[in-house]
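Please open the model in your viewer and keep the selection panel at hand.

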Amino acid sequence: MTEEVSKHDKAMSDAVVFAHKQIRERFYRLGLEFSGVGAAAFAKATPGQFAQLDLSCIALPPIEGITEDLRDAAERKVLLRRPFSFCDVSSRREKTRVDFLYCALGPATLRMTTLSAGNSVSVIGPLGNGFRAPADKKTALLVSGGMGAGPLIHLAKTIATDYPKVEVIAFAGAKTKTELPFEKPTDEISQQLGFALHEFVRFGVESQIATDDGSAGFEGFVTDCFLKWLERHSLSAKDTIIYSCGPEEMLAQMAKIAEDKEIDCQISMERMMACGIGVCQSCAVKCKVNGSSETIYKLCCKDGPVFDSREVAFEL
C-alpha cells in the first residue's frame with residue numbers, strides 16, 4: 001500500500017484464466033494468472049489499484065444465454081479496454097494470481113462470462129494509486145456500496161496480513177439481498193454477532209450488511225447503517241480511518257460523515273477510463289485547492305482512483 005505508483009511498476013502482458021465462478025445472478029469472480037514481467041508487476045499491486053482488460057476479441061455467450069434486457073447492449077462493439085479493480089492478489093513460485101469481481105451489465109462484461117480455464121487475456125496494470133496504509137491507526141472502517149466491495153475485500157486481507165494490530169470492521173450495502181456481490185451471507189446467528197460475510201470472516205474481520213429494502217441485514221442505506229454503528233461506538237477520531245468504495249452519491253455522504261466526525265477518509269472514485277494511463281483525459285475528477293475557493297481537475301486513472309475525501313469537490 002504505497003503513496004504513488006512508478007511507471008516502471010506496470011506492464012502489458014497476457015494472463016491465463018485459472019478460475020472463473022458465477023457467485024450470484026450476473027455476479028462473477030474471475031481469476032487470472034501472470035508469469036514473467038506480468039507476475040513481477042502484479043505482485044506489487046495494492047488494494048484500490050486496477051487493471052485494463054482487452055475483451056474485444058472474446059465471443060459473446062449464445063443469444064439464449066443473454067437476458068432480454070441486455071440483448072441490445074450485447075450488440076455494441078467493444079473497442080476500448082475496460083478497467084477492473086482487484087479483490088485478491090497472491091504470489092507463489094514466480095507466478096502471481098489476481099482475482100476480479102465483476103457484474104455482467106454490458107457488451108464487455110457479457111463477453112467475460114464466456115472465459116474459461118486456459119483462455120488468455122491481454123492486461124495492462126497495475127494502474128493508478130491505491131489505498132494508503134493505516135500505519136498510525138488503531139481502527140479501519142471499510143464501507144462499500146454494490147460492486148465497490150471488490151477492492152475492500154483486497155484491503156481487508158492486506159491490513160489483516162500487514163497490520164494485524166489494526167482492528168477492521170467492514171460494511172457492505174446494496175439495493176437488495178440479490179445484489180450483494182458476495183457468494184452468500186453467513187447464518188443469522190453469525191450476522192447478529194457481526195460476522196455477516198464469509199469474504200471478510202476468513203480474515204477475522206467483522207462485517208455488517210445493509211440493503212435498501214431490508215431483505216438482508218440493516219434496512220436502509222449502508223451510510224445510515226455505518227453512521228448508527230459509529231454513534232454506538234466510542235472511537236478516537238485520530239486513531240480511526242475510513243476507506244470507502246461505491247456509487248458517487250454514497251461516497252459524498254461518506255465524505256460528509258468523515259468531515260463531521262473529523263475522521264481521515266480515503267475514497268475510491270469511479271469514472272469511464274478509456275486509456276487508464278492519463279493520456280485521453282476522459283476521467284476527470286473535480287478537486288478542491290487547499291486554502292482557496294478554486295477547483296482543479298485531476299485524473300481518476302492517474303491521480304486516483306483513490307483520493308482523500310477532503311480533496312474531492314462533489315457535485316450531486
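Select aspartate 88 first: its bridge partner is aspartate 99 in strand 6. Strands, like helices, are DSSP runs numbered from the N terminus (E, at least two residues, for strands; H or I, at least four residues, for helices). Strand 6 covers residues 95–103 and is joined to strand 5 by five bridges, the two running antiparallel. Two strands count as paired if DSSP finds at least two bridges between them.

The model is predicted: local features need pLDDT of at least 70 and side-chain atom pairs count only at pLDDT 80 or more, whereas totals for chains, interfaces and linings use all residues. Residues are numbered from 1 along each chain as its sequence is written, and side-chain values use heavy atoms, with hydrogens and water left out.

Now display the open sheet of seven strands in the order 4-3-7-1-2-6-5, whose pairing is antiparallel. Its edges are strand 4 (82–85) and strand 5 (88–92), each of which pairs on one side only. From one strand to the next, the twist averages 35 degrees. Angles run from 0 to 180 degrees between N-to-C directions, and axes are lines fitted to C-alpha atoms, for helices over the stretch in contact.

Contact here means heavy atoms within 4.5 Å.

Seven bridges join strand 1 to strand 2 (residues 27–35) in an antiparallel arrangement, and glutamine 22 stands opposite tyrosine 28 in strand 2. The two strands form a hairpin with two residues between them; in the turn, arginine 26 has a positive phi of about 75 degrees. Strand 1 also pairs with strand 7 (residues 120–127), in the antiparallel sense, over six bridges. To locate that pairing, select valine 16, which stands opposite serine 120 in strand 7.

**A loop cysteine**

Is cysteine 57 buried or exposed? Select it in the loop between strand 3 (50–54) and helix 2 (71–74). Cysteine 57 is exposed, with a relative accessible area of 74%. Buried means under 20% relative accessible area, exposed over 50%, and partly exposed in between (1.4 Å probe, protein chains only). Cysteine 57 and valine 78 are 21 residues apart in sequence and 8.4 Å apart in space, C-alpha to C-alpha.

**The mixed sheet**

Display the open sheet of seven strands with the order 11-10-9-8-12-13-16 and mixed pairing. Strand 11 and strand 16 (306–308) stand at its edges with a single partner strand each, so one side of each has no neighbour in the sheet. Strand 10 pairs with strand 11 in the parallel sense over two bridges, and threonine 211 stands opposite glutamate 219 in strand 11.

Within strand 10 (residues 206–211), select serine 207. Serine 207 is buried, with a relative accessible area of 1%. Its side chain reaches the backbone nitrogen of alanine 196 at 2.9 Å and that of leucine 197 at 3.0 Å.

Continue to strand 12 and strand 13, which run parallel and are joined by five bridges. Isoleucine 242 stands opposite cysteine 265 in strand 13. Four of the five residues of strand 13 are buried.

Select helix 8 (residues 248–261), which has 14 residues. Helix 8 lies across strand 8, strand 12 and strand 13, running at about 170 degrees to strand 12. Its buried residues are Met250, Leu251, Ala252, Met254, Ala255, Ile257 and Ala258. They are covered by elements including strand 8 (139–145), helix 7 (222–232), strand 12 (240–245) and strand 13 (264–268). After helix 8 comes glutamate 262, whose phi is positive, near 60 degrees.

Finish at helix 7, where the buried residues are Val222, Thr223, Cys225, Phe226, Trp229 and Leu230. Viewed down the helix axis, these residues fall within an arc of 160 degrees, so they line one face of helix 7; the arc is that of the directions from the helix axis to the C-beta atoms. The face turned away from the buried side carries the exposed residues Glu231 and Arg232. The buried residues of helix 7 pack against strand 8, strand 9 (167–174), strand 10, strand 11 (218–219), strand 12 and helix 8.

Definitions and conventions: Polar contact = N/O pair within 3.5 Å; in protein donor to acceptor, adjacent residues only side chain to side chain. Expected span 1.5 Å × (residues − 1).
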